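Trainee: I have not seen this structure before. Could you take me through it step by step?

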Amino acid sequence: MNKIRKNILEGWKVVVVDDEADSLEVATRILRFYGANVSTASNGREGVEIITRTRPRFVITDLSMPELDGWGLLYELRQDTRTIDIPVFALTAHAMIGDRERAMAAGFHNYLTKPLSPATFMEELLAIMETVPALEQLIQY
Amino acid sequence: MRQKMPWWRSIRTNLILFLVVLIAGSVGIVTYQLVQRTEQELEEQAFDELQAISELKRQQIENWLQRGPITLETVARNQAVRGPILDYVSEPTADTDHQTTINTFFSDVTASDPIVEEISLYTLDGRVLASSDAVQINKVVTRQPYFALSLENDTYIQPPYFDVGRGELTLVVTRLLTDEAGNAAGVLTGRLNVDELAAIMSQRAGLGDTGETYLVSRESNYLLTPSRLENYPLNRAYRSTGIDRALSGESGSDSYQNHYDDPELVLGTYTWLPELQSAMLAEITEGEVLANSREATQAAIATGGGALILASLLGLFLATLLTRPILQLTDIAGEMSQGHFDKKTTITGASEVGLLGRTFNNMSERLSQTINELDQKVVEIETANKELRIANARAREATRLKSEFMATMSHELRTPLNAIIGFTGIMLQGMGGEIDHDATHMLTRVESNSERLLHLINDVLDIAKIEAGRLDIVHKELEIHKLIQQWRDETSILADNKGLEFEMQIASSVPVRLYADSERLTQVVKNLLSNAIKFTDTGKVTLNVDADENQWKIQVTDTGIGIPPHAVNYIFEEFRQVDGSSKRIYGGTGLGLSISRNICRMMGGNIGVNSRLGEGSTFTVTLPLITNEKLLEPTM
């Protein structure tokens, strides 16, 4: 973790969507620590609006939310040409094993497992960012 | 309801048949023997009778035959006529007075004696000199059968023959006459009245309706019977067993076919009469003799028939007597099988059947009682079952609610805990600004306790899922070598931290690809590996993977503190560790092995342990080897 450059996400617009404020704040703080420009939303509906407006480099979204859940959010983004290419990573609960497979099948680019561990979060995030060619070439270690 | 049965199966029919056969058989045998004996006796009687008749007639014939010679003897010795005869014989033509005297004498004799029909006198050269029948005079008798023998014997009886000249059966007696010097002078002949013989033969005393006696000659085949006397000469030989035997000189009795054109079976007595050179037969038809026996047979059959009818009635009566209780019992038993126990048998008495009836009533009563009790029991059991079902449903519902509660609670517990861990992590990583050494130390304690708590909550959630049956096993094709490498990567750091060696061996028999639930398998293996590292202070931890045709094995071996023998039995049970103190020293929830065992079993395998206290432990996970999707059981 020490190896990861502190400003590695400098200039990256990122949107995090989660209805749990604490979880949302932990993610936001970590991402901001690495220099990302983070916008947040507390449900899918809000998320779609912000994403469409800010056009981030990637989105991290919880699956289970009020108003519009993570699945719905993904669907909406894929319906809109402006957002169709934006990589979306799902946040799946540790206990909800089936969600990971379902998430991949539904079209999420990858997933991160909750609870988020600040010690390993960035490592995991970089690993999944490397699986998306569009993001991989933007990373500057 | 009584079942219909074929009539021949019923006791009644069988009993009647049995009695009928029994009586018909014995009556038949007795009748047959009776008839046999009667017939034998009747035949013996008939033979005796015939024998007696034959003997009587033989004597009568002999007596009758004696009388011819006696008459001639009387004539020959009569002084009144002897002189004229001798004179006349010596000089046949001299004096016709002599002839007249002699003729008259002869006529007188024949008139007074019914035996001799005709008396004649002929010379030694065969010329008839005198006769009671004038027609005979001057006839020549040299061609007659008796002529030669009449000259050689004093007295000769010519057996009956058919006189062609006279046209009738003839029986002649001769007497040789001698002169004073003793020389043969002439012959007296007497023709016997055959009617007398016929009269003897026609006596029918003791001969019944069909009996007859008759004579058969040897030479001329005549047959002398009262009825057939007129029918000579005969055109054919008369043959029968009796005739043949008598003609060959035998006498006796037998039963045989008689001589008629239309023969009948007769009982006959045959006797050879040498004087007549004839066979005498006395015969009576067997039919007549046995007629009485037939009557006896008919009487016996009538008696037997009567006995049969009686037997049938008796059989019917007995059978009804015997079967009525049985049929009644059958009816009542049928009612009982329909569930009606109110009917009772009316069979009484001290006999076995009465006993059966009483026993049957007792049985029926007991049965009825038992069934009532059983019905009551069934109701009780049904009530109990219903209660049990309700209790069971409640218990299931309670379990479900508990599991739901646990799941919800786990989630609710985890969310704030995640926040605590998250923020603690941020502070420890320095993402929330600089913090001093003391605070770092305390935050580390917060983090490790939070993680322990999270671990505990996760385990409890797993247990709840297992209990609720909601822990799903999803088999997927995977590259096992990669998975093993992942386990190594994720746990070797823990071993490194404790300065332990970490070894990994994968046998070449382990397939590259196989089907397993990687999540759950990882959960189990990581639990075993972390336990091994946790309980080992020095030495090494080894991960061994091996496979054979049907199953594959994952072994985790350590050189740690080991498990005492008594603990091996309960180490896989929930909330159990080797002892209470180890929990405090080593941490952990005590749920890991229990969850692991449940998962292994749900995957169709099992988990076991081998351990020596102070030397180390080996945990072995055994799983079915699935290399083909088709081998997946649908329940997995």
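Mentor: We shall begin with how to read the model and then turn to its sheets, helices and chain contacts.

Mentor: This is a predicted model, in which local features need pLDDT of at least 70 and side-chain atom pairs count only at pLDDT 80 or more, while totals for chains, interfaces and linings use all residues. Residues are numbered from 1 along each chain as its sequence is written, chains are lettered from A and ligands numbered from 1 in the order in which they are written, and side-chain values use heavy atoms, with hydrogens and water left out.

Trainee: What is the strand order of the open sheet in chain A?

Mentor: The five strands of that open sheet in chain A follow the order 2-1-3-4-5, with parallel pairing. Strands (E, at least two residues) and helices (H or I, at least four) are DSSP runs numbered from the N terminus, and two strands pair if DSSP finds at least two bridges between them.

Trainee: Which strands stand at the edges?

Mentor: They are strand 2 (37-41) and strand 5 (110-114) of chain A; each has a single partner strand, so one side of each is left without a neighbour in the sheet. The twist averages 25 degrees from one strand to the next. Axes are lines fitted to C-alpha atoms, for helices over the stretch in contact, and angles run from 0 to 180 degrees between N-to-C directions.

Trainee: How many bridges join strand 1 and strand 3 of chain A?

Mentor: Strand 1 (residues 13-17) and strand 3 (residues 58-62) of chain A are paired in the parallel sense over four bridges. In strand 3 of chain A, Thr61(A) is the residue opposite Val17(A).

Trainee: And which strands does helix 1 of chain A lie across?

Mentor: Helix 1 (residues 21-33) of chain A lies across strand 1, strand 2, strand 3 and strand 5 of chain A, at about 170 degrees to strand 2. Contact here means heavy atoms within 4.5 Å. Helix 2 (residues 44-54) of chain A lies across strand 1, strand 2 and strand 3 of chain A, at about 150 degrees to strand 2.

Trainee: Changing topic, how many residues of chain B are in contact with chain A?

Mentor: On chain B there are 20 residues in contact with 18 residues of chain A. The two chains bury about 1,600 Å² between them, 67% of it on carbon and sulfur atoms; buried area is the accessible area (1.4 Å probe) that two parts lose on being put together, summed over both. Phe423(B), Met431(B) and Glu519(B) supply 34% of the area that chain B buries against chain A, more than any other three residues.

Trainee: Which elements of chain B give two or more residues to that side?

Mentor: These are helix 8 (352-428), helix 9 (437-468) and helix 11 (518-534) of chain B. Helix 8 of chain B gives the largest share, 10 residues.

Trainee: What is the strand order of the open sheet of five strands in chain B?

Mentor: In chain B that order is 12-14-15-17-16, with mixed pairing. Strand 12 (501-506) and strand 16 (606-612) of chain B are at the edges with a single partner strand each, so one side of each is left without a neighbour in the sheet. Strand 16 and strand 17 (residues 616-624) of chain B pair in the antiparallel sense over seven bridges, and Asn606(B) stands opposite Thr622(B) in strand 17.
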